[in-house]
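Dear colleague,

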Amino acid sequence: MTAGGPTELRGGVLPRIPGPDSVREALDRTDPLPGTGGFAGSLDGRLVRDVLGRRPLYTDGEDWAFSPADLDDPTLFPAGTIDDDGGREQVWELPVPDPESDHDPALEAVDRALAESVADVPAEGTAVAFSGGVDSALLAAFLDVPLYVAGFPGSHDIEAARSAAAAMGREGELTVVELTHGALERALPKLVSAIDRANAMDLGIALPLYLTAERAREEGHDRLALGQGADELFGGYEKVATLDGRVEATTVRGAVREQVLGLPDELPRDVLAVEAAGVRPVAPYLHDRVIGAALRLPPELLVEGGGDGRRKIALRRVASRYLPGEVADRPKKALQYGSDADRELDRIARRAGYKRRIGNHVEAFVRARLRDDGATEADE
């Protein structure tokens, strides 16, 4: 398969779209981090996708598209790869730089890289998806724009967002998107089509993102700033600290690298969910300059001790320069759990007769609901 036709590139997770010449130069130099927020598409008759797949790209053996909904049998095009007349070649690999031995320069590099990346995001038309955790709060500290949080009433994320906004003096800028069963079920058909996934975990993440973006768009915003990438780059996951059976690596830096290398498969869900609401996602943590700075962090600036030790040490130290301590040190809670979307999807499925014992009961419910909706539309 070849891309054919004229050059058509799209940017990844920042507003600035890399020009064809910059991508050609990155190919010529085999530079995996050429100073962009990612890219993908057709370049001189070849398909291309950046090293971390920050722009989704799909193929079906004959054609290609930026959205899986535009192909009959879509598969993700591999990150870091070009396809020239059907021959695929891995041209970029994530670098493995030596860690910085001096903590102060390492922290300054992260601070500077993030500040420069956020500076690329225009304030006008932008909102922040704000869970109250350190990742989104740090973006909010750099961006004086409205804040949005989605969750079921009483959920962790709503309470955390309210307390963080109050601590930052921003409570008047926070909009709470209260989720309901009706909102989840209404969003499912469009969202499943957009992300081409229907499993419980992916929907538990994508639904709050979609409904947050939808509200932001309704209120006049066309960009939504996300904290995506911060956990992967800065050691935010428990499995990175414990090095348990959920990771193959035997070192903290190796485990962090595993998480970063998983981004090309995870990011399409988040990017496409926000875009399905008519909003452009921006993720400043995923600019090449931030990635490069994060990859040079020593393990002691990623996790502290083992097991239950603090995580994202470097990011929290940088954040403490801009945020109240209670916000900079707040522990992580995943979106699907913090919003209660996963719990309520499970409840919706079980009430419809799809019990947990059948396995993948949420996905079975969603697939059946979509089939029934399709049949109803055909009858009409």
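How many helices and strands are there in the protein? There are 16 helices together with 13 strands, and please keep in mind while reading that this is a predicted model.

On overall shape, the radius of gyration is 21 Å, which is close to the 21 Å that the globule rule gives for 380 residues, so the protein is as compact as a globular protein of that length. Taken along the principal axes, the box that the C-alpha atoms fill is roughly 65 × 55 × 45 Å. Among the contacts with a separation of 6 or more, 69% are between residues 24 or more positions apart.

Turning to the interior, 54% of the 380 residues count as buried. The largest nonpolar core has 76 residues, of which Phe130, Phe234 and Leu297 touch the most other members, and helix H2 (residues 103-119) provides the largest share of this core, with seven residues. If you select Leu297 and leave aside its neighbours within four places in sequence, you will find that this leucine is in contact with Pro99, Ala106, Val110, Phe234, Arg253, Leu302 and Ala314. There is also a second, separate core of 42 residues, which includes Phe152, Ile205, Leu209 and Val279.

With best wishes

Key. Residues numbered from 1 in each chain as written. Predicted model: local features only at pLDDT ≥ 70, side-chain atom pairs only at ≥ 80, totals over all residues. Heavy atoms only, no water. Helix = DSSP H or I, 4+ residues; strand = E, 2+ residues; numbered from the N terminus. Rg over C-alpha atoms; globule rule 2.2 N^0.38 Å. Buried < 20%, exposed > 50% of the residue type's maximum accessible area, 1.4 Å probe, protein only. Contact = heavy atoms within 4.5 Å. Core = buried A, V, L, I, M, F, W, Y, C linked by side-chain atoms within 4.5 Å.
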